[in-house]
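Work through these exercises with the structure open beside you. Each task is followed by a stepwise solution.

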Amino acid sequence: MQIQKHIVASIEYTLTDDGGQVIDTSEGRGPLTYLHGAGNLIPGLEADLEGKGVGDAFKSRIEPADAYGERNDAMVQDVPRDQLPGDMEIEVGMQFQAQGPGGVQVVTVAAVNGDVIKMDGNHPLAGVTLNFDVKVVDIREATKEEVEHGHVHGAGGHHH
Ligand code: ZN
């Protein structure tokens, strides 16, 4: 069996940036189980997993365009301090959830200049080239219900 549309695959992975810094890993957490072909992974990784089988291990280098996109300077905005919760100390690196046109969006405090807060709505990994070290550990057919829902049920997936 190979990974293709409507296959559920479990992968072990470690994600590093070009500096070798670990951004995310399945180590200590167990494999990531996902429904292939439903847009549950970034496009570049999903494309590289296509056709792989259990036991296959590979490295995948993914440019921002096939990952979390390029940085968009238009998504950086100055916000007056009084539009944020008053009882909170605002520090660089803090993250807030904001309602954006595409749903809930995470914005990060990029700078604090007195009463003006620079908010960055870019995904924290926008503009970052991703280096995945991946191993396929399990593959199975998706159930009809999983295909309908567009995600995995049970271990490692949705419980509902
Ligand atoms: Zn479901």
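**Exercise 1. Accessibility at the start of the chain**

Task: Decide whether lysine 5 is buried or exposed.

Solution: 
- Lysine 5 has a relative accessibility of 53%.
- Apply the cut-offs: buried is under 20% relative accessible area, exposed is over 50%, and partly exposed lies in between (1.4 Å probe, protein chains only).
- Lysine 5 therefore counts as exposed.
- Lysine 5 sits in the segment before strand S1 (7-16).

A note on the model: it is predicted, local features need pLDDT of at least 70, side-chain atom pairs count only at pLDDT 80 or more, and totals for chains, interfaces and linings use all residues. Numbering runs from 1 along each chain as its sequence is written, and side-chain values use heavy atoms, with hydrogens and water left out.

**Exercise 2. Overall layout**

Solution: 
- Start with the domains, whose bounds come from an automatic or database domain assignment.
- Domain 1 covers 7-68 + 126-149, and domain 2 covers 73-120.
- The centres of domain 1 and domain 2, over C-alpha atoms, are 31 Å apart.
- Next, count elements: the protein has two helices and nine strands. These are DSSP runs, numbered from the N terminus (helices H or I, at least four residues; strands E, at least two).
- Along the sequence the pattern reads β-β-β-α-β-β-β-β-β-β-α.
- Finally, 34% of the 160 residues count as buried.

**Exercise 3. A four-stranded sheet**

Task: In what order do the strands of the open sheet lie?

Solution: 
- Two strands pair if DSSP finds at least two bridges between them.
- The order is S5-S8-S7-S6, with antiparallel pairing.
- Strand S5 (76-80) and strand S6 (95-100) are the edges, each pairing on one side only.

**Exercise 4. Two faces of S4**

Task: Which residues form the covered face of strand S4 (residues 57-62)?

Solution: 
- In a regular strand, side chains alternate between the two faces of the sheet.
- On S4, Phe58, Ser60 and Ile62 make the covered face.
- Ala57, Lys59 and Arg61 make the uncovered face.
- S4 pairs with strand S9 (residues 130-141), antiparallel, over six bridges.
- Lysine 59 stands opposite aspartate 133 in S9.

**Exercise 5. The zinc site**

Task: Which residues donate to the zinc ion, and what is the geometry of the site?

Solution: 
- Donors are N, O and S atoms within 2.8 Å of the metal (3.2 Å for Na, K and Ca); water is not among the atoms, so sites may look incomplete.
- The protein donors are His149 (ND1), His151 (NE2), His153 (NE2) and His160 (NE2), at 1.9 to 2.1 Å from the zinc ion.
- Four donors count as tetrahedral if all angles lie between 85 and 135 degrees.
- The angles among the four donor atoms are 96 to 125 degrees, and the site is tetrahedral.
- The donor spacing in sequence is H-x1-H-x1-H-x6-H.
- Histidine 149 lies in helix H2 (residues 144-149), and histidine 160 in the segment after H2, eleven residues apart.
- Histidine 149 is partly exposed at 38%, whereas histidine 160 is exposed at 67%.
- Glutamate 146 is also in helix H2. Glutamate 146 is buried, at 2%.
- The glutamate 146 side chain reaches the backbone nitrogen of histidine 153 at 2.8 Å.

Key:
Four donors count as tetrahedral if all angles lie between 85 and 135 degrees; four count as square planar and six as octahedral if opposite donors are over 155 degrees apart and all others between 65 and 115; anything else is irregular. A polar contact is a pair of N or O atoms within 3.5 Å; within protein, one must be able to donate a hydrogen and the other to accept it, and residues adjacent in sequence count only if both atoms are side-chain atoms.
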